[in-house]
Amino acid sequence: MSDTETIPVVDLGPYLAGEPGALQRTAGELRFALTEIGFYFIVNHGVPEALIRGAFEQAARFHALPLDRKMDVRVDKHNVGYLPMRGDTLRTSTVQTVTKANLNEAFFMARDLPDDHPDVLADRRFRSANRWPKDLPGFREAVVAYCDALEVLVHKLVRLYAVALELPVLYFDEPFRDFQYKLRMTHYPYQEALADDDFGIAPHTDTSFLTLLAPNNVPGLSIRTQTGKWIDAPVVPGAYVVNGGQMLQRWTNDVFLATPHRAVNRSGGERYALAFFTDSNIDWPVASVPTTVGPDRPPKFPTTWYTDYMIQYQKRTYDLLADANRQAAE
Ligand SMILES: O=C(O)CCC(=O)C(=O)O
Ligand SMILES: [Fe+2]
């Protein structure tokens, strides 16, 4: 009997090495994880440890800056830049009523488009240049190198998702050729005492197709299983945590899960997290793939697009963006 109350560990080594049979077998493991739990660990993922360590170091370095320097790159309507402590309340949570703001601050960056990219010049929503902090040498390079390594991994992962959904192996290659991503570098400060309803990040589901959470030596993440039980994610050295979000539910007509999760820092020290939210190309319609619809299973969600979906989500989520949204709408 397979266990649906623990987060499975998937070894990507054989698949990445091209071993015969590994694609099918690994895709089967993903299918189980994504239909039953919504979360899985990956080991032997090929992301160099030095890049992961480097990105964590940069997160700590950024958040150690004085507040006014972080506020210089305050988050904008493209959702890149610095989100101060208590800047967001997860009002969109369907998991529980959340009224308190989260005990975290975060720096967001997206694919690092050049200043002369047509989308940047056009001020196209969610296709802006990043808001890099001034006078933090090496920060941009380390963070971009980290994201470049994750991009390689995502291109490998989407082939497993295609096979897991009984689609042709290359099915997601084109929709993810220039995929949208956001790296969230979060700082959960040291907390001496926490009330029951104080969260580093309150119970929520991600919006993403898939999220890659970097191997974290400081625990704090919990997930809610299908039976409604909250379980703590163990520390699996070197392993990424992967989960699905609302866009994955839409792509798969609810066959794959967007499992609620939360984080609380009870470590007695600082905690940092690196969440890499992955979605399809910005212009790709998000609709149920053919193997998840049929006469007895009509599509549950209308077709949507990244931009429309994120604008709606962002309006509800980020207090601080209310002004930016109003300006953009004017
Ligand atoms: O801090 C963590 O481990 C999880 C963070 C998370 O769920 C998120 O940023 O969406
Ligand atoms: Fe999350």
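Predicted model: local features only at pLDDT ≥ 70, side-chain atom pairs only at ≥ 80, totals over all residues.
The confidence values come first. The mean pLDDT of the chain is 92, and 92% of the residues reach 70 or more. One stretch falls below 50 in pLDDT, namely residues 323–330. Beyond near neighbours in sequence, this stretch has five contacts in the model. For the model, ipTM is 0.99 and pTM is 0.94.

Which strands pair with S12? One is S5, which runs antiparallel to S12 and is joined to it by eight bridges. Within this pairing, His187 stands opposite Tyr272 of S12. Another is S7, which pairs with S12 in the antiparallel sense over four bridges. Here Leu210 has Thr278 as its bridge partner in S12.

Strand S7, residues 210–213, also pairs with S10, again in the antiparallel sense, over three bridges. Leu213 has Val241 of S10 as its bridge partner. Strand S2, residues 39–43, is joined to S10 by four bridges, and these two strands run antiparallel as well. The bridge partner of Phe41 in S10 is Val241.

Are the faces of S10 covered or open? Both are covered in this strand, which spans residues 240–243. Tyr240 and Val242 lie on one side, Val241 and Asn243 lie on the other, and all of these are buried.

A further group of strands forms an open sheet. It has four strands in the order S6-S11-S8-S9, with antiparallel pairing. The edges are S6 (201–204) and S9 (230–232), each of which pairs on one side only. From one strand to the next, the twist averages 20°. Within this sheet, S8 (residues 221–224) and S9 run antiparallel and are joined by three bridges. Arg224 has Trp230 as its bridge partner in S9.

The ligand comes next. The residues around ligand 1 are Arg184, Thr186, Ile201, Asp206, Leu213, Gly220, Leu221, His261, Ala263, Ala273 and Ala275. By type, the shell divides into six nonpolar, three polar and two charged residues.

The remaining residues belong to loops and a helix. Most residues other than glycine have a negative phi. Asn79 is not a glycine, yet its phi is positive, at about 60°. Asn79 is in the loop between H4 and strand S3 (81–83). Is Asn79 buried or exposed? It counts as buried because it has 23 C-beta neighbours inside 10 Å, and the cut-off for a buried residue is 20 or more.

Asp254 is another residue other than glycine with a positive phi, near 70°. It lies in the loop between helix H7 (246–251) and strand S11 (261–263). Asp254 has 16 other C-beta atoms within 10 Å, and is therefore partly exposed. Leaving aside neighbours within four places in sequence, Asp254 is in contact with Gln249 and Lys300. The C-alpha atoms of Asp254 and Phe301 are separated by 9.0 Å, while the two residues are 47 residues apart along the chain.

Helix H4, residues 67–71, contains Leu67. With 11 other C-beta atoms within 10 Å, Leu67 is exposed, because a residue with 12 or fewer counts as exposed. Leu67 and Met310 are 243 residues apart along the chain, and their C-alpha atoms are separated by 27 Å.

Technical notes
Residues numbered from 1 in each chain as written. Chains lettered and ligands numbered in written order. Contact = placed C-beta atoms within 7 Å. Near = placed C-beta within 6 Å. Nonpolar A, V, L, I, M, F, W, Y, C, P; charged D, E, K, R; others polar. pLDDT = per-residue confidence, 0-100. Pairing = 2+ DSSP bridges. Axes fitted to C-alpha atoms, helices over the stretch in contact; angles between N-to-C directions.
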